[in-house]
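Here are my notes on the model you sent over.

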Amino acid sequence: MEAAISAIASDLTSRFMSFLIKKYTVTTVKDDKIKRMNELLLRVHAVVEEADGRCITNPKMLTQFKMLAEIMYRGYYMLDTINYKPPNDEEVRRLSIMSVSLKCSRTIFGTPRNPAIDNELETALNNLEAAISNMNEFVVMLVGCERMCRRPYDTYLYTGNFMFARHAEKQQIINILLQNPCHHSAPLVLPIIGGCRVGKKALISHVCNDKRIRSYFSFILYISGDSMGRIEYAKLKKETSLIVCEYFTDIDEDDWINFYSTISQMTAGGSKVVIISRIENLARFGTVKVVRLNSLSKEVYNYLFKKLAFGSIDEKEDPKMASVANDLAVVLGGSLITANVIADLLRRNHDVHFWLHILQRIEGMVKNNLSKYGEHPKDIIEKEQPVDATRFVSSYPTRLHIMPPRVERDDLPNIGMPTIFFGDLIAGSVAIPNGDFEIVTCKSRIPPYTKYVSSGTSFVDDKNGFKTMRKCRSSS
């Protein structure tokens, strides 16, 4: 009997030791892969950062640069997925109570083995290794590209005005605009087509402020397509001009022919026309290949949001807050304007309880709109319809709806309506005015001084209130 028990115990001990060895081996292999990925990311990031400061005129190099950057952002996103495990609801609830120790907040390390994550890690690692093995020629050619002077002013522009990760597109547009056609040829027409609030105007603004563009064009004119027929042609000069036209609706073929003919006659050779619009059909007027501006990928958006939220602080110093930032980046759904506002709030209050408070408020608002309208607030805004922001209101039964933001000059006088800031609304640190009021979403801190302003309406949850807002929603 004792011999049988001893044999069973020996067998169990042997199996347990085999399990521990296997688990240790798997963990060691995974840790080695993560270490290898960090080393590769460092090398790729150095090349991407160097390329971002160079004037690249070769289209194939621009394509390779963009692919290299995308692989880098996917690598960082993969590491975040491994390092920062999201909390469960109970942990979030406990962390929101100030008396609970931060030790109960989140499980950061010790992520359980997940075959899907392991496969994604292997794929990301292989992509990085392939990118590095193929970038030798790119680096050699990069040395021959002119280095651009990047001042602190420009550095702020690249993040504050959402030029982040748009270097390839910017350089592509500059290369097209600097083409030197025949002196008597008609103006080249470049369409820039992109979705709602993806940074089309910010991109072309940076292009127009580039010293090479300023040197090439004697005159730059911005016009709205809606006033195309009433353009003050007296402003046009017989000089090499750049005409930037923004269109919110499609235009008639004859109207375009008349406009283009006038521009051709009243500007000098080498002039160019840039079309900015969301409307795909306007690409038909282009004389060169259209430049398409898409929303940032989730990997790039996640990286941008955390850089804005942490500022000069290394996110690795506080993995709990990095995990909250990851969750916020997902909940925000890719909105650049909201990312800038939320990140500014977080950067000024570096406290994990406050960050979770913001996450819970944003998440509640998103879930409310998904439940009522079946759409994320970002998608609702893109359709120019009001968002239900009642979750930002603490006094029941008051409800709050917010219209999509519009751009205004910062020096315009106040029309007499109460005004609050969007960041204060999200943080819950301001009283909501009754009835109609204005919400300043964000303001430019550098020239040109503009601001995003939304119209808000608070009302009591009754039949008349719902009727009013339904009418507003359908008419918008």
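1. Start with the largest cavity: 31 residues line it, and S335, T338, P377, K378 and I381 are the ones nearest its centre. A cavity here is a set of points on a 1 Å grid over the protein atoms alone where a 1.4 Å probe fits but cannot get out, and lining residues have an atom within 4 Å of a point. Its volume is about 470 Å³, taken as the space filled by probe spheres set on the points, with grid points joined across faces, edges and corners. The count comes to one cavity of 30 Å³ or more.

2. Some ground rules before going on. This is a predicted model, where local features need pLDDT of at least 70 and side-chain atom pairs count only at pLDDT 80 or more, while totals for chains, interfaces and linings use all residues. Residues are numbered from 1 along each chain as its sequence is written, and side-chain values use heavy atoms, with hydrogens and water left out.

3. Where does the lining of the largest cavity come from? At least two residues each are supplied by α13 (336-348), α14 (352-373), α15 (377-382) and β12 (435-443). The largest share, four residues, belongs to α15. Helices (H or I, at least four residues) and strands (E, at least two) are DSSP runs, numbered from the N terminus. Domain 2 (166-293) and domain 3 (298-460) each give the lining at least three residues; those bounds come from an automatic or database domain assignment.

4. Now have a look at strand β3 (residues 188-194).

5. What does β3 pair with? Strand β6 (residues 272-277) runs parallel to β3 over six bridges, with P191 opposite I275. Strand β7 (residues 291-293) is also parallel to β3, joined by three bridges, and there I193 has R292 as its bridge partner. Strands pair if DSSP finds at least two bridges between them.

6. On to the rings: the whole structure has seven aromatic pairs. Y216 and F217 make an edge-to-face one, 4.8 Å centre to centre with 75° between the planes. Rings of Phe, Tyr and Trp (its six-membered ring) pair if their centres lie within 6.5 Å; planes under 30 degrees apart are stacked, over 60 edge-to-face and the rest tilted. Y216 is partly exposed at 23% relative accessible area, whereas F217 is buried at 3%.

7. W256 and F259 have ring centres 5.6 Å apart and planes at 45°, so this pair counts as tilted. The two sit three residues apart, about one turn, in helix α10 (residues 253-266). W256 is buried at 6% relative accessible area, and F259 is buried at 2%. Ring pairs also link W256, F259, Y260 and F285 into a cluster.

8. Last one: E50 lies in helix α1 (residues 2-52) and is partly exposed at 28% relative accessibility. Its C-alpha atom is 9.4 Å from that of V143, 93 residues apart along the chain.

Note on methods: On a 1 Å grid over the protein atoms alone, a cavity is a set of points where a 1.4 Å probe fits but cannot get out, and a pocket is an open set with protein on both sides within 12 Å along at least five of seven lines; lining residues have an atom within 4 Å of a point. Buried means under 20% relative accessible area, exposed over 50%, partly exposed in between (1.4 Å probe, protein chains only).
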